[in-house]
Structure formats: structure tokens, C-alpha cells
Amino acid sequence: MAVFKVSYVVMGGEHPGAIVNLDHKPIIGELITLGDHAFEVVEVLTLVPPRGDFHYIHATIRRLSPPQD
Amino acid sequence: MTFIVLQNLWQSATLVIAKRQSVRKLQVLFNGRAFSVNKKTKLLQLWKIRYKMILSDRDRLMELTNILRKIELFNGLSKDELRRLASKCIERRLERGEVITTQGVRGDELFIVTEGLVEVLITEGKKDSHKIIVNLGEGQLVGEMSLVDKGPRSATVRAITDSTVVQVIHRDQFEALCEENTHIGFVVMRNIATDLSFKIRHRNLSEGSW
């Protein structure tokens, strides 16, 4: 049972991003939604080594839907 | 009407039976569900209620233990230790916009997001100026700083999806469990440190992307 703890960082800082647990490692080009917004994964980094079943991933994402405010 | 909140399942039926002769009506609250009992309630019905409680409690604990296994806070705990922690959790369901913690207000609870998404906001300078610093989804912790340092909440946290579900653990119960079982204490505190470190890394990377 691998759990991927993913920090999504949004390019341009227009959105605070998110931290979520996933059952798979994000891949470049993957489309995701955070709340009401859609994003595309553009970079995936492993900054710290895994511990037990947990993998720590930082993914840079790009917003697809236009900002609402 | 007499209200009894049951903490220990195995006390339930005996408590109900013992009270049966002395009260007109008894409202038994267990896991947030109410069971009404009156003087005419037969012994068999009481045992049926007790059996329902046993099944309900066992299923809830099993389900919750499976959820907790996937949460980093509990990474490194045995099944038995997970079950003990699960028994301290109270589930809370939130609608979009509902606030879990308020910045500056003291709080004694740790929240674990098990469904949905919450946003973390901080107030900057002027009272009306809020900045969203991160969204937290399944498996993430809220309120861990107050749990560790007993200070006021560092941020306001509110649900941004309907049917957001959090598990709530009260500090007193949590600390008692950690002191009683030092392995749980060590593992959970180490995991809280890892979680805080991960959040700081996220924030550093987010601010670097501006």
C-alpha cells in the first residue's frame, strides 16, 4: 500500500496549491482538479526519501481554467 | 428523560438494564446515534440494541482503522495501536464554507481530513485581508501546531467542498494515549514534525514560484 503525499505548487503563484494524499505518483501531463479549478502537472520532484509506505512528492502544476477573481 | 452517553460499549446493555426499572424513559446515545428505551422495553429488545451497538462500533472501528492506515500521522503504528487511536476519533461532516478552526482562537483538537478539501487562510495586517496559503485534501492534518504548542490557531481553516469529512481527536485524549503508550507518542510526534516540515517546503516552493 503506497501512499503518495503530494504538494502541488501552482506556477505563477496565482493559486495556493494543495497537499493531498494519492494512491499513485503524479506524472507530467496529468490533469487534476483542486476544488473548482483544473490544472496540468508540468514537473514532478522527490525532495525527501520515502519512509515506510509514504512517498513525499512535490509537483509543479499549471492552471488550465482561467482565474475567477 | 434520562440521557446517557456511552463511552464503553460493553457497559451499555448492563447500564440500560440496570436503569430500566428506575427511569420512565431512557435515551441512549452511542456514536452519535440515539436509541430510545422505555420501561416496557423487553430484555430481548435491550440485547438487540446492544448487539446493534456492537456491530455498529466494530464496523466503524474497522473502517476507520483502514482509513487511518493511509494517513501519514499514523505511519509506523501497529494494527492494535491504530485501533486504539481510531477509538478516540470523532467524525465530523462539513458543508462548503463551514469553519473548522479560527485564527487566533485557542483550540484543543486535531483534525484529519478524510474526504474533501479544506483551505487554510491567514489574516494579514488589516482585519479583512485574507490570504489562502494552501488547500489540504485527504490524509492531511489541521490543528497540529496547537496540539503541540498549545498556542492559538495559526490560521483559519474552512471546507471548500461539500461533504468534507474530518476525524477529530481531542488533545487531552491524544496526550493521555501518547503517555500511556510511548511508542504511539514517539511515532505520532515524529510524523507531526515530518508533516510540518513538508508544509514548510510546500510554502517555500509556492512562494518561490511567484
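**Figure 1. In this predicted model, helices α5(B) and α6(B) are oblique to each other.** The axes of helix α5 (residues 171-180) of chain B and helix α6 (residues 182-208) of chain B cross at roughly 120° and come within 5 Å. Angles from 65 to 115 degrees would count as roughly perpendicular and those over 145 as roughly antiparallel, and the pair is therefore classed as oblique. On the side of α5(B), the contact is formed by Leu177(B), Cys178(B) and Glu179(B), while α6(B) contributes Ile184(B), Gly185(B) and Val188(B). Four of the residues in this contact are nonpolar, one is polar and one is charged.

**Figure 2. The contact between chains A and B draws on residues of both chains.** Chain B supplies 24 residues and chain A supplies 23 residues. On the side of chain B that touches chain A, the elements giving two or more residues are β8 (130-136) and α6 of chain B. Of these, α6(B) gives the most, with six residues. The side of chain B that touches chain A comprises nine nonpolar, 10 polar and five charged residues.

**Figure 3. A strand of chain A pairs with β8(B).** Strand β2 (residues 18-22) of chain A runs in the parallel sense to β8(B), and the two are joined over two bridges. Within this view, Ile19(A) is placed opposite Leu136(B), a residue of β8(B).

**Figure 4. The largest nonpolar core contains 46 residues.** The members that touch the most other members are Val118(B), Leu136(B) and Val142(B). Strand β1 (residues 3-10) of chain A provides the largest share of this core, namely five residues. Leaving aside residues up to four places away in sequence, Val142(B) touches Ile100(B), Thr101(B), Phe111(B), Val113(B), Val118(B), Leu136(B) and Val157(B).

**Figure 5. Lys150(B) has a positive phi although it is not a glycine.** The phi value of Lys150(B) is about 60°. Lys150(B) lies in the loop between α4 (144-149) and β10 (156-159) of chain B. A residue is exposed if 12 or fewer other C-beta atoms lie within 10 Å of its own; Lys150(B) has 11 C-beta neighbours inside 10 Å and therefore counts as exposed.

**Figure 6. Ser163(B), a residue other than glycine, also has a positive phi.** For Ser163(B), phi is near 55°. The loop between β10 and β11 (164-170) of chain B holds Ser163(B). Because 11 other C-beta atoms lie within 10 Å, Ser163(B) is exposed.

Terms used
Residues numbered from 1 in each chain as written. Chains lettered and ligands numbered in written order. Predicted model: local features only at pLDDT ≥ 70, side-chain atom pairs only at ≥ 80, totals over all residues. Axes fitted to C-alpha atoms, helices over the stretch in contact; angles between N-to-C directions. Helix = DSSP H or I, 4+ residues; strand = E, 2+ residues; numbered from the N terminus. Parallel < 35°, antiparallel > 145°, perpendicular 65-115°, else oblique. Contact = placed C-beta atoms within 7 Å. Nonpolar A, V, L, I, M, F, W, Y, C, P; charged D, E, K, R; others polar. Core = buried A, V, L, I, M, F, W, Y, C linked by C-beta atoms within 7 Å. Buried ≥ 20, exposed ≤ 12 C-beta atoms within 10 Å, placed from the backbone. Pairing = 2+ DSSP bridges.
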